[in-house]
Amino acid sequence: MESIGLISIIMAAYNAGNTIDTAIKSVLAQTYGSFELIVINDCSKDDTADRVRAYSDSRIVLLENEHNMGVSATRHRGVTAAKGGWIAVLDSDDAWEPDKLEKQVTLAARTGAELLYTGSAFMTADGTRLSSVLEVPETVTYKNLLKQNILSNSSSLVKKELFLQNEVQDDTIHEDYACWLKILKSGRTAYGVNEPLLIYRLSDSSKSGNKLRSAAMNWRTYRAAGLNIFSAGFNMVCYTVNGLLKYGRLNKEKGQLEK
């Protein structure tokens with residue numbers, strides 16, 4: 001097995017008691033074992049922290065915020081505490097396939113990539129797996145990413161130094177998308193594993209669950225990334241069309257399950 005050293009997995013958590021066990025177990029099942037899992041509890045009002053403490057694995061680190069900081073600041077705290085040279089993000093309601101990290105590490109070693117991603121599978125809010133998958137291209141450039149954010153946050157693997165240099169802390173935008181755009185705008189290329197190694201949980205309460213809200217955040221992300229009104233407008237059209245195609249299929253399948 002190839003190795004890139006220690007990977008720090010960052011999991012911001014707020015009232016994640018119903019989902020965090022699935023997320024943590026998917027990390028502990030990874031075939032690439034050189035990792036630490038940093039869970040940052042953002043003042044949850046449920047049993048999130050107790051569920052994390054129940055694991056005896058020394059690779060799991062629990063940090064507790066003194067006050068509610070929001071997801072981007074909470075994630076930043078985890079990254080600054082990370083000991084690894086690479087950062088992987090996993091949201092507390094998502095999960096990974098067991099070979100997710102291994103396949104990305106192999107690709108990074110082969111290509112010299114500094115930012116990587118994977119395809120996605122999907123599950124409903126109650127954990128029911130859908131048959132639909134999001135396929136991804138082998139590489140993505142800045143211009144590609146502007147038209148559709150196929151670089152799912154929970155599928156990312158990025159060098160820590162590169163992440164910190166381009167990190168965006170702003171919960172009114174898609175801060176992860178803004179970070180990837182900044183990285184690729186420098187001329188870098190992101191590399192993908194076209195397999196559904198991330199299982200993304202569809203939830204109406206998530207930042208991307210409300211499509212109108214998500215679109216508004218995407219517009220602000222484009223503007224924060226320095227796009228003028230015309231360029232932002234053109235890419236918003238592409239984003240909207242791609243989003244309708246993607247979520248149209250998913251919503252149809254969800255509807256059939258709910259009948």
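Mentor: A nonpolar core is a set of buried Ala, Val, Leu, Ile, Met, Phe, Trp, Tyr and Cys residues that are joined through side-chain atoms within 4.5 Å. Please keep in mind that the model before us is a predicted one.

Trainee: Which residues of the largest nonpolar core touch the most other members?

Mentor: This core holds 35 residues, and those that touch the most other members are Ile7, Ile9, Met11, Ile20, Ile24, Leu37 and Trp96. Two or more residues each come from β1 (7–13), α1 (20–28), β2 (35–41), β4 (86–89), α4 (100–111), β6 (115–123), β7 (129–134) and β10 (190–201). Apart from this core lies another, of 33 residues, with Ala82, Leu162, Phe163 and Ala232 among them.

Trainee: What is Trp96 in contact with, once its neighbours within four places in sequence are left aside?

Mentor: The contacts of Trp96 are Ile9, Ser26, Val27, Gln30, Ala88, Val89, Leu90, Leu101, Ser154, Leu197, Leu198 and Ile199.

Trainee: Why is Thr74 called buried?

Mentor: The term applies under 20% relative accessible area, and Thr74, at 0% relative accessibility, therefore counts as buried. Thr74 lies in helix α3 (residues 71–81), and, with its neighbours within four places in sequence left aside, Thr74 is in contact with Ala12, Ile40, Asp42, Asn65 and Met69.

Trainee: Which residues of α3 are buried, and what covers them?

Mentor: The buried residues of α3 are Ser72, Ala73, Thr74, Arg75, Gly78 and Val79, and their cover includes β1, β2, β4, α6 (160–166) and α7.

Trainee: Why does Ile87 count as buried?

Mentor: Ile87, found in strand β4, has 0% relative accessibility and therefore counts as buried by the cut-off of under 20%. Leaving aside neighbours within four places in sequence, Ile87 is in contact with Ser8, Ile10, Val79, Ala82, Ser156, Leu157, Val158 and Lys160.

Trainee: Why is the pair of Phe122 and Tyr200 called edge-to-face?

Mentor: Rings pair if their centres lie within 6.5 Å, and planes over 60 degrees apart count as edge-to-face. The ring centres of Phe122 and Tyr200 are 6.2 Å apart and the planes stand at 75 degrees, so the pair is edge-to-face. This pair links distant parts of the chain, with Phe122 in strand β6 and Tyr200 in strand β10, 78 residues apart, and both residues are buried.

Trainee: What makes Tyr177 and Tyr222 an aromatic pair, and of which kind?

Mentor: With 6.1 Å from centre to centre and 65 degrees between the planes, Tyr177 and Tyr222 form an edge-to-face pair. Tyr177 belongs to helix α7 (residues 175–185) and Tyr222 to helix α8 (residues 211–224), 45 residues apart, and Tyr177 and Tyr222 are buried. The count of aromatic pairs comes to three by this rule.

Trainee: How do you know that the buried residues of α8 line one face of the helix?

Mentor: Ser214, Met217, Asn218, Thr221 and Tyr222 are buried in α8. Seen down the axis of α8, the buried residues fall within an arc of 145 degrees, so they line one face of the helix. In general, an α-helix has 3.6 residues a turn, so residues three or four places apart point the same way. The 14 residues of α8 reach 19 Å from the first C-alpha to the last, close to the 20 Å expected at 1.5 Å a residue.

Trainee: Why does Arg213 count as partly exposed?

Mentor: Arg213, placed in helix α8, has 41% relative accessibility and therefore counts as partly exposed, a term that covers values between the cut-offs of 20% and 50%.

Trainee: What is the phi of Asn15, and what is that of Cys43?

Mentor: Most residues other than glycine have a negative phi. Asn15, however, has a positive phi near 50 degrees, and Cys43 has a positive phi of about 60 degrees although it is not a glycine. Asn15 is in the loop between β1 and α1, and at 34% relative accessibility it counts as partly exposed. Cys43 is in the loop between β2 and α2 (48–53), and with a relative accessible area of 26% it is also partly exposed.

Technical notes: Residues are numbered from 1 along each chain as its sequence is written. This is a predicted model: local features need pLDDT of at least 70, side-chain atom pairs count only at pLDDT 80 or more; totals for chains, interfaces and linings use all residues. Side-chain values use heavy atoms; hydrogens and water are left out. Buried means under 20% relative accessible area, exposed over 50%, partly exposed in between (1.4 Å probe, protein chains only). Helices (H or I, at least four residues) and strands (E, at least two) are DSSP runs, numbered from the N terminus. Contact means heavy atoms within 4.5 Å. Rings of Phe, Tyr and Trp (its six-membered ring) pair if their centres lie within 6.5 Å; planes under 30 degrees apart count as stacked, over 60 as edge-to-face and the rest as tilted. The expected span of a helix is 1.5 Å times one less than its number of residues. The arc is that of the directions from the helix axis to the C-beta atoms.
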